[in-house]
Amino acid sequence: MKIGGIMGINYIEQHYDNYDEDSRLLSKHGRVEYLTTLKYIEAILGELDSPKILEVGAGTGRYSIYLAKKGYDISALELSNRNLEVLKSKITDDMIIKASKGNALDLSVYQEESFDMTLVLGPMYHLFSKEDKVLALKEAVRVTKKNGYILVAYCMNEPTVIDYIFKGQNLNKILENNMITEDWHCISTEKDIIAMIRLEEINEINESIPAVRIKIVATDGATNYMRDFIYQMDAFTFDKWMEYHFTICERLDLIGASHHTLDILKKNE
């Protein structure tokens, strides 16, 4: 069942009706992913003149509201009714932001080449077939202007194997339920909520679109492996951790080990 079907949508909406995404991104380990993503978003926006931004899968608005407060023209699309309500509750009169309900697989409400930057920071977590991932990315590229940017977030496979299966002592559960392939790729469905991916699969998806990669970034790197230590860090040590993280987060030899990655693409002329 594709996410575009009723069953897929219901699983995700049920998940986010009971999940506090704001708390995750505000937690010390979540802040690494959030601050890293913002760093790259703002670096690109600094090069653009009065950019229009679309966030597909805007959640409760952690990114959209932040950018709207900075004065950017934002369109925010969100699948979950609860998340959308929370997002709308944060909008103030001084913001230029249009928030609406929608699905990453169908952006027909937006015309071609409408946005200078399109953010897809959550939908790929919940798309379980290559066909759906390609469709979502094609839609994001379609609504982006030529020479515009598409930023896409993914959940990587290997951290789940290392952190959840082995460190979390879930090996027997995974094996008994046939949730892993012979080459240790996680098998998940809509009921499992999260879809894991490898770098070579991201590369294959990108082959289907008229855009080129500028860079791909490990947005949390080793952070999630050592949450307990991260939580115990004082402000000085955490700042130094961020300094170290920013130094290595573009290294391709470390991308697959990061729980989350950010693929930064530029649409062809």
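This report walks through the sheet, some helix contacts and a few single residues of the structure above.

## Before we start

What you're looking at is a predicted model, so to speak of a local feature here takes a pLDDT of at least 70, side-chain atom pairs count only at pLDDT 80 or more, and totals for chains, interfaces and linings use all residues. Residues are numbered from 1 along each chain as its sequence is written, and side-chain values use heavy atoms, with hydrogens and water left out.

Helices (H or I, at least four residues) and strands (E, at least two) are DSSP runs, numbered from the N terminus.

Seven of them form an open sheet in the order 3-2-1-4-5-7-6, with mixed pairing. (Two strands pair if DSSP finds at least two bridges between them.) Strand 3 (96-101) and strand 6 (211-218) are the edges, each pairing on one side only. On average, neighbouring strands are turned by 15° against each other, direction ignored. As background, strands of a sheet pair through backbone hydrogen bonds, either parallel or antiparallel.

You can find both kinds of pairing here. Strand 4 (residues 115-120) and strand 5 are parallel, with five bridges, and Thr118 has Ile150 in strand 5 as its bridge partner. Strand 6 and strand 7 (residues 260-267) run antiparallel and are joined by seven bridges; there, Ala218 is partnered with Thr261 of strand 7. As for strand 5 (residues 144-155), nine of its 12 residues are buried (buried means under 20% relative accessible area, exposed over 50%, partly exposed in between, with a 1.4 Å probe and protein chains only).

## Helix 3 and its two partners

Now for the helices. Helix 3 (residues 28-45) packs with helix 4 (residues 62-69) at an angle of about 45°, their axes 12 Å apart. (Axes are lines fitted to C-alpha atoms, for helices over the stretch in contact, and angles run from 0 to 180 degrees between N-to-C directions.) The two helices are therefore oblique to each other: angles under 35 degrees count as roughly parallel, over 145 as roughly antiparallel, 65 to 115 as roughly perpendicular and the rest as oblique. On the helix 3 side, the residues that meet helix 4 include Tyr34, Leu38 and Ile41, and among those on the helix 4 side are Tyr63 and Leu67. Contact means heavy atoms within 4.5 Å.

Helix 3 also packs with helix 11 (residues 235-248), again at about 45°, with the axes 11 Å apart. That makes helix 3 oblique to helix 11. Among the residues making this contact are Val32 and Leu35 of helix 3, along with Phe238, Trp241 and Phe246 of helix 11.

Where is Thr160 found? Thr160 sits in helix 7 (residues 157-167). With a relative accessible area of 19%, Thr160 is buried. Leaving aside neighbours within four places in sequence, Thr160 touches Ile165, Cys186 and Met196.

Most residues other than glycine have a negative phi. Ser50, however, has a positive phi near 50° without being a glycine. Ser50 lies in the loop between helix 3 and strand 1 (52-56) and counts as exposed at 64% relative accessibility. Gln169 isn't a glycine either, and its phi is positive at about 60°. You'll find Gln169 in the loop between helix 7 and helix 8 (171-176), where Gln169 is exposed with a relative accessible area of 72%.
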